[in-house]
Amino acid sequence: MNGPVDFTLALGDDALIAAQRLAEWTTRAPEMEEDIALANIALDQLGAARLLLSYAAELEGAGRDEDALAYLRDDRQFRNVHLVELPNGDFAVTMAKLFFLAAYQLPLYTALAGCSDERLAAIGAKARKESAYHLEHAALWVKRLGDGTEESHSRMQLAVDQIWPYTHELFAADPAAPVDPAALRPAFDATVGPVLAEATLTLPESGWAPAGGRAGVHTEHLSYLLAEMQVLHRAHPGASW
Amino acid sequence: MSDPRTAAASVVDPEIRVITIDELGILRAVEEDPGSGRVTVTITPTYTGCPAMDVIRSDIRRALTAAGHPDAEVRTVYSPPWSTDWISEGGRAKLAAAGIAPPAPVSTPGVVALTLSVRCPRCGSPETEQLSRFGSTACKALWRCRSCSEPFDNLKAL
């Protein structure tokens, strides 16, 4: 990646695509409380995305704003990791995705809060408080499902097995970035290990590590997500109400 | 013309209409340029995605115009991040009177406090339980009192 612009864009895209995926649960979650929870977490992710994309647009200096970045780029121009664009799957898959994402975002935003870029530091200090709450919420569900019934255990284990390979992309080294993602791995592992152990779940062998999102190479799922997210803005450019 | 600080401080939160933005701690500064008379108001959001921010900005501008300060700018800052510890004593009392349990103090910065017992804002009983970690707005969780059986909102410590 190329310095603070790409880095900020990548983080903003992670949050934006995560928000859009989580919002798909609205009115469809297994219970009312969880419907509200997922919508709230999506809103937090959207809030962070707006701050990050606005800043990325300023750094880029090409006259674009957060809306231009969110609605007028095509899939190859998005820099989010595959983890966030993967379909929601069942509730266990969604919780596995959220758990791994939050376990990465919390140390990421915490490190950002202490970085030398003032704007990123402010965003990090703000977003990490919200991330801590997301992580708690997802960890509770991972434990409840993992250490629950035979059915919930097997589905939570399947979800972990399915999503785990996509976590490696989060920590691809980028020494030029304000925070090198590779340095976040120990904190992530220290969070994930005990929760999975308490949930009576096991991690699959690390081997396959799909990647490419940071370079704009995505799974087929992203295009469908973008089509839904962008259609209104593209059909009515500049509309307001 | 009245004092711009008083005018801005009187704006109520659009989602929790019993408390002003000043009592909530999101009004950070009000400055008036002595030369031009231009007023700059600085606010900070409770949560990054708080959807009430646009309404708050326009309510501030409306309040300042009504107070004789039509030339006003509302700036949004994110640092230092808002904390529920910034809610004033008066604000906490108003929340409780409206049936919203005020947040517990935040002990360690950046860490969400584990609230062991939230007092029911209606009957005062500590025998309460959390129904949902999230609530009707980004800043609240849903609780229920086991003594009087009433559900109530709790402003989450942040």
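This is a predicted model: local features need pLDDT of at least 70, side-chain atom pairs count only at pLDDT 80 or more; totals for chains, interfaces and linings use all residues.
Let's begin with chain A. A:T27 sits in the loop between α1 (3–23) and α2 (32–60) of chain A. Is A:T27 buried or exposed? A:T27 has 7 C-beta neighbours inside 10 Å, so A:T27 counts as exposed. Now its backbone. Phi of A:T27 is near 75°, a positive value, and the residue is not glycine. Most residues other than glycine have a negative phi.

A:T200 also has a positive phi, near 55°. Look for A:T200 in the loop between α8 (185–198) and α9 (221–235) of chain A. A:T200 is partly exposed, because 13 other C-beta atoms lie within 10 Å.

On to chain B. Which residues does its cis peptide bond join? They are B:S79 and B:P80, with omega about -5°. B:P80 belongs to the loop between β3 (72–76) and α4 (89–97) of chain B.

Next, a sheet. Chain B has an open sheet of four strands, in the order β4-β7-β6-β5, with mixed pairing. Its edge strands are β4 (100–101) and β5 (128–132) of chain B, and each pairs on one side only. β5(B) and β6 (residues 140–145) of chain B run antiparallel, joined by four bridges. Find B:E129: opposite stands B:R144 in β6(B).

Last, the two chains together. How many residues does each chain bring to the contact? Chain A gives 24 residues and chain B gives 17 residues. On the chain B side, ten are nonpolar, six polar and one charged.

Technical notes
Residues are numbered from 1 along each chain as its sequence is written. Chains are lettered from A and ligands numbered from 1 in the order in which they are written. Two residues are in contact if their C-beta atoms, placed from the backbone, lie within 7 Å. Ala, Val, Leu, Ile, Met, Phe, Trp, Tyr, Cys and Pro count as nonpolar, Asp, Glu, Lys and Arg as charged, and the others, Gly among them, as polar. Two strands pair if DSSP finds at least two bridges between them. Helices (H or I, at least four residues) and strands (E, at least two) are DSSP runs, numbered from the N terminus. A residue is buried if 20 or more other C-beta atoms lie within 10 Å of its own, exposed if 12 or fewer, and partly exposed in between; C-beta atoms are placed from the backbone.
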